[in-house]
Amino acid sequence: MADDPSLEAQLIRCAAAGNTGAFSQLVRKYRPQVVRTAYGIVGSAMEADDVAQEAFIKAWSNLPDFRQQSGFSTWLYRITVNAAIDAVRRRRPEAPLDDALPGERVAPEEEALRRERQRDVRGAIQELPPAARAALVLREYEQLTYREIAAVLDIPIGTVMSRLSYARQLLKERLTTHDR
């Protein structure tokens, strides 16, 4: 599906009326972003898939109530973030972090250092409070603007800025402490 707003609006209307084919097209379009967002918050690929499925089920169930006051993607991000935060709250603290996706070929020593650094960063992100983590993931991984993050999280832009500042400061402290 191309990025045609009128086609997307038509798909949303059809899906809201119960057309599963139209909803499937929306799922295909937005699934990568939903999974990435969920992964950034929950830190596990398997759990991110579960959260994405839950988010799409919630979106399907609530689509007739979607009033298009915000964009569909904003609405879907909000559902995803809430589902991911709920998943983090339900989980046991000892849930392991998955390894990062494989990257380009480098020397084994460099690869080991890179993986260790990625684990450290993911671990530090997972230690952030859920609200700060959600704002950071939406900004740094999904590249949303402050205005878009505010809409997704339903908070003022000033709160987005303070959560991002807080998240970055905590990450810096945790990663600096770990490097010593």
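This section describes the fold, confidence, aromatic packing and selected local features of a predicted model.

The model is a prediction, in which local features require a pLDDT of at least 70 and side-chain atom pairs count only at pLDDT 80 or more, while totals for chains, interfaces and linings use all residues. Residues are numbered from 1 along each chain as its sequence is written, and side-chain values use heavy atoms, with hydrogens and water left out.

The chain contains 8 helices and 0 strands, where helices (H or I, at least four residues) and strands (E, at least two) are DSSP runs numbered from the N terminus. Its pattern along the sequence is α-α-α-α-α-α-α-α. Of the 180 residues, 38% count as buried; buried denotes under 20% relative accessible area, exposed over 50%, and partly exposed the range in between (1.4 Å probe, protein chains only). The accessible surface of the chain amounts to about 10,500 Å², with 52% belonging to carbon and sulfur atoms; accessible areas come from the Shrake-Rupley method with a 1.4 Å probe, and for residues only the protein chains shown count as cover. Among contacts (heavy atoms within 4.5 Å) with a separation of 6 or more, 64% are accounted for by residues 24 or more positions apart.

Confidence is expressed as pLDDT, the predictor's confidence in each residue, from 0 to 100. The chain has a mean pLDDT of 86, and 88% of its residues reach 70 or more. Over residues 94-101, however, the pLDDT is below 50, and this stretch has 19 contacts in the model beyond near neighbours in sequence.

A search of the whole structure identifies 6 aromatic pairs. Rings of Phe, Tyr and Trp (its six-membered ring) pair if their centres lie within 6.5 Å; planes under 30 degrees apart count as stacked, over 60 as edge-to-face and the rest as tilted. The pair of phenylalanine 66 and tryptophan 75 is tilted, because the ring centres lie 4.8 Å apart and the planes are at 35 degrees. Phenylalanine 72 and tryptophan 75 also form a tilted pair, with centres 5.7 Å apart and planes at 45 degrees. These two residues, phenylalanine 72 and tryptophan 75, are 3 residues apart in helix H4 (residues 72-90) and therefore separated by about one helical turn. Relative accessible areas are 10% for phenylalanine 66, 4% for phenylalanine 72 and 13% for tryptophan 75. Phenylalanine 66 is thus buried, as are phenylalanine 72 and tryptophan 75. Ring pairs join Tyr30, Phe66, Phe72 and Trp75 into a cluster.

Glutamate 47 lies in helix H3 (residues 45-62) and counts as buried because its relative accessibility is 18%. Leaving aside residues up to four places away in sequence, glutamate 47 touches Val42, Ala87 and Arg91. In helix H5 (residues 108-127), the 20 residues should span 28 Å at 1.5 Å a residue, and the end C-alpha atoms are 28 Å apart, in agreement; the expected span is 1.5 Å times one less than the number of residues. The buried residues of H5 are Glu111, Asp120, Arg122, Gly123, Ala124, Ile125 and Gln126.

Most residues other than glycine have a negative phi. Glutamine 143, although not a glycine, has a positive phi of about 60 degrees. This glutamine 143 occupies the loop between helix H6 (130-141) and helix H7 (146-153) and is exposed at 54% relative accessibility. Aspartate 154, likewise not a glycine, has a positive phi of about 60 degrees. Aspartate 154 is located in the loop between H7 and helix H8 (157-179), and its relative accessible area of 62% makes it exposed.
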